[in-house]
Amino acid sequence: MPEFPAARGNLKADVLIVGGGIAGLLTAYELQKSGVSCIVAERKRICGGITGRTTAKVTFQHGLIYQKILREYGAEKAKMYLEANQNALKKIAALSKKFDCELQKLDSYIYSRGNRAALENEIGALARIGFAAEFCEKTELPITTVGAVRFKNQAQFEPLKFLRGVVNEMSDSVHIFEHTHIIEISGKTALSKRAKIAADKIVIATHFPFINTHGSYFLKLYQSRSNVIALANAPDIHGMYMDENTNGLSFRNYGGYLLIGGKAHKTGEPCRRKELELFAENIYPDLPIEYAWGAQDCISLDGIPYIGNYSALTPDMYVAAGFNKWGMTNSMAAAEILRDKILGKPNPYAAVFDPSRSILKKQLWINGFNAVKTLLTPTVPRCPHMGCALKWNAEERSWDCPCHGSRFTKDGKLLDNPSNVDLDKP
């Protein structure tokens, strides 16, 4: 990736975007095409967080989301979600023709190992909103399934190569600053250690929103960690696969590798990478595990991201968060929705992603209960974000927050937000 300097002194732009991952960079890209001057401020390196750890499935098949939206919000909003992500896939595919990012058209599958009815319900929900998915009795997976829902002509790509192209194509109206840690926002001014950045509009695209005084994101989101391993000299499974069960596995090929992901757990709970490695050793005993890494995703209350005004009380501050493991198309959808909001234009899909929608969901009470329980745990160290007791993650050698997902090195350096500072005494 290209490198950029740290911000220094007093700076001004029409829009400040805090966060240099895929959502922040695509938002800047869309705005600059409309003549809007932007500053992107990234705490470390652009795409150095979760964007660089994704398995990069470019698809509008996001688990069994459509039957859920249909049940909770009705057909109109389910169709909004579908069309927003369909359009995002088309736009990413069109942009990819300009960049050498290895975009490959593939079918996407959501499979089940025991719940055929859930798959059939999803196909029925999709039919109600005008999309024809297919039921597949068999898959090319090395495990037994009861079938899968197939979306044809989806894609996978190399996201860092894609975003390198996006960055290189941006005009001079976008100024990117790395190693620029925004520690405070006061009105329309953001502060880092070495810079003061004024902007008419501010977009928070920091994975987990770090401003607690608005939006209640500390209640509306939790973070889930999952693991990925890469097996060398692996067979081609001819598609992208994800289990409908959140405890299941995902599969995709890259070159001569098979990427197997899963064994997710709430951040702060014991890492399950060993279970993933044991699965691979049992299924593919002759294939070496050459790479292994972890990723962290923000999970919303209802499975739909929060894209729009940060809160009803912040007309000039915006957010893109809670992509629920489907950040590729949702980031592009977010970029277009935020562009239109900032320009004062209507967007046909904004309503389904509205961050101010009802939060009266079962997950809200689970998030709140877990936070209170961890707050009352009498141990140290404590997370600087809201004071929750941290847990030591022996597998990944980090201090993890079970409340909101902040992570720190053994020495107390910040790894993942929403905490905005290091630990004083790890």
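**Cavity, helices and a salt bridge**

Mentor: A cavity here is a set of points on a 1 Å grid over the protein atoms alone where a 1.4 Å probe fits but cannot get out. This is a predicted model: local features need pLDDT of at least 70, side-chain atom pairs count only at pLDDT 80 or more, and totals for chains, interfaces and linings use all residues. Residues are numbered from 1 along each chain as its sequence is written, and side-chain values use heavy atoms, with hydrogens and water left out.

Trainee: How much space lies in the largest cavity?

Mentor: About 40 Å³, as the space filled by probe spheres set on the points.

Trainee: And which residues line the largest cavity?

Mentor: Phe218, Leu221, Tyr222, Lys266, Asn367, Ala371, Cys403 and His404; lining residues have an atom within 4 Å of a point. Strand S11 (221-231) and helix H10 (362-375) each supply at least two residues of that lining. Helices (H or I, at least four residues) and strands (E, at least two) are DSSP runs.

Trainee: New topic: how do H3 and H8 cross?

Mentor: The axes of H3 (residues 75-96) and H8 (residues 327-343), lines fitted to C-alpha atoms over the stretch in contact, come within 8 Å and cross at roughly 100 degrees. That makes H3 roughly perpendicular to H8, a label for angles of 65 to 115 degrees.

Trainee: What about salt bridges, how many are there?

Mentor: There are 27, each a side-chain nitrogen of Lys or Arg within 4 Å of a carboxyl oxygen of Asp or Glu. One of them joins Glu30 and Lys33 (3.4 Å, N to O).

Conventions:
Axes are lines fitted to C-alpha atoms, for helices over the stretch in contact, and angles run from 0 to 180 degrees between N-to-C directions. Angles under 35 degrees count as roughly parallel, over 145 as roughly antiparallel, 65 to 115 as roughly perpendicular and the rest as oblique. On a 1 Å grid over the protein atoms alone, a cavity is a set of points where a 1.4 Å probe fits but cannot get out, and a pocket is an open set with protein on both sides within 12 Å along at least five of seven lines; lining residues have an atom within 4 Å of a point.
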